[in-house]
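Hi there,

Here is the structure I promised to pass on. Have a look at it first, and then read my notes below.

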Amino acid sequence: MEKKRPAIRDVVPAAQQQAESNRASREMLQKMVNERVVAMQADKLGVTVSTKEVDDAIKLRAVEIRKTVEKVLEEAQKQGLSELEYRDELRRELLFHKMLETRVRARVRPTEEDARDYYQRVLARERAGQNYRASLIALELPPGPEGVRR
């Protein structure tokens, strides 16, 4: 006969259970607030996530874990997410990453001088790695016979 495992509520003290429950509630509330703020800012900036982007993200995850799209969706269901809920979760993740990218791009503004400096660094690095040195040799030729064009 299989021995029944004790429930968490029977092993962990009530005070510790309550503290953990409160911590989890605070984390969940903070996550929900963050998601709402990101969504509001995305609406304001016109940043969206298309269905195709969500589909592509699912395909990419499937490739990363070497499974089919169907298996990825099955795994999500095993974790208690319907396909729609899983797609919504991915959409939120993609939106967050797009917003992060938008914020970073707004702060990074390369100037023409930055581009010139970068070009000079790359040029110097490439020249240092060359195995040969190109040179120009100029020879003065003696005057040739008349009528010959140079």
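A term to start with: a residue is buried under 20% relative accessible area, exposed over 50%, and partly exposed in between, using a 1.4 Å probe and protein chains only. At 78% relative accessibility, R66 therefore counts as exposed.

Some ground rules. This is a predicted model, where local features need pLDDT of at least 70 and side-chain atom pairs count only at pLDDT 80 or more, while totals for chains, interfaces and linings use all residues. Residues are numbered from 1 along each chain as its sequence is written, and side-chain values use heavy atoms, with hydrogens and water left out.

How confident is the predictor? pLDDT is its confidence in each residue, from 0 to 100. The chain averages 84, and 93% of the residues score at least 70. By element, the lowest mean pLDDT belongs to helix α1 (residues 8-11), at 72, and the highest to α3, at 93. Helices here are DSSP runs of H or I, at least four residues long, numbered from the N terminus. As a reminder, where pLDDT is low, the predicted coordinates should not be read in detail.

Now back to R66, which sits in the loop between α3 and α4. R66 has a positive phi of about 55 degrees, although it is not a glycine. For context, most residues other than glycine have a negative phi. There is also a positive phi, near 75 degrees, at G46, the residue that follows α2. As for α2 itself, its 32 residues should span 46 Å at 1.5 Å a residue, and its end C-alpha atoms are 46 Å apart, so the two agree. (The expected span is 1.5 Å times one less than the number of residues.)

Next, the inside. A nonpolar core is a set of buried Ala, Val, Leu, Ile, Met, Phe, Trp, Tyr and Cys residues joined through side-chain atoms within 4.5 Å. The largest one has 15 residues, and I58, Y86, L90 and L95 touch the most other members. At least two residues of this core come from each of α2 (14-45), α3 (51-64), α4 (69-78) and α5 (83-107). Leaving aside residues up to four places away in sequence, I58 is in contact (heavy atoms within 4.5 Å) with V69, L73, Y86, R87 and L90.

There is a pocket to look at too. On a 1 Å grid over the protein atoms alone, a pocket is an open set of points where a 1.4 Å probe fits, with protein on both sides within 12 Å along at least five of seven lines; lining residues have an atom within 4 Å of a point. The largest pocket is lined by residues including K31, E35, D88, R91 and H97. Both α2 and α5 supply at least two lining residues, and the largest share, seven residues, is from α5.

Finally, a few single positions. E140 is in the segment after α6 (112-128) and counts as exposed, at 79% relative accessibility. Its C-alpha atom is 79 Å from that of K31, 109 residues away along the chain. S50, in the loop between α2 and α3, is partly exposed, with a relative accessible area of 34%. V104, in helix α5, is also partly exposed, at 47%.

Best wishes

Conventions
pLDDT is the predictor's confidence in each residue, from 0 to 100.
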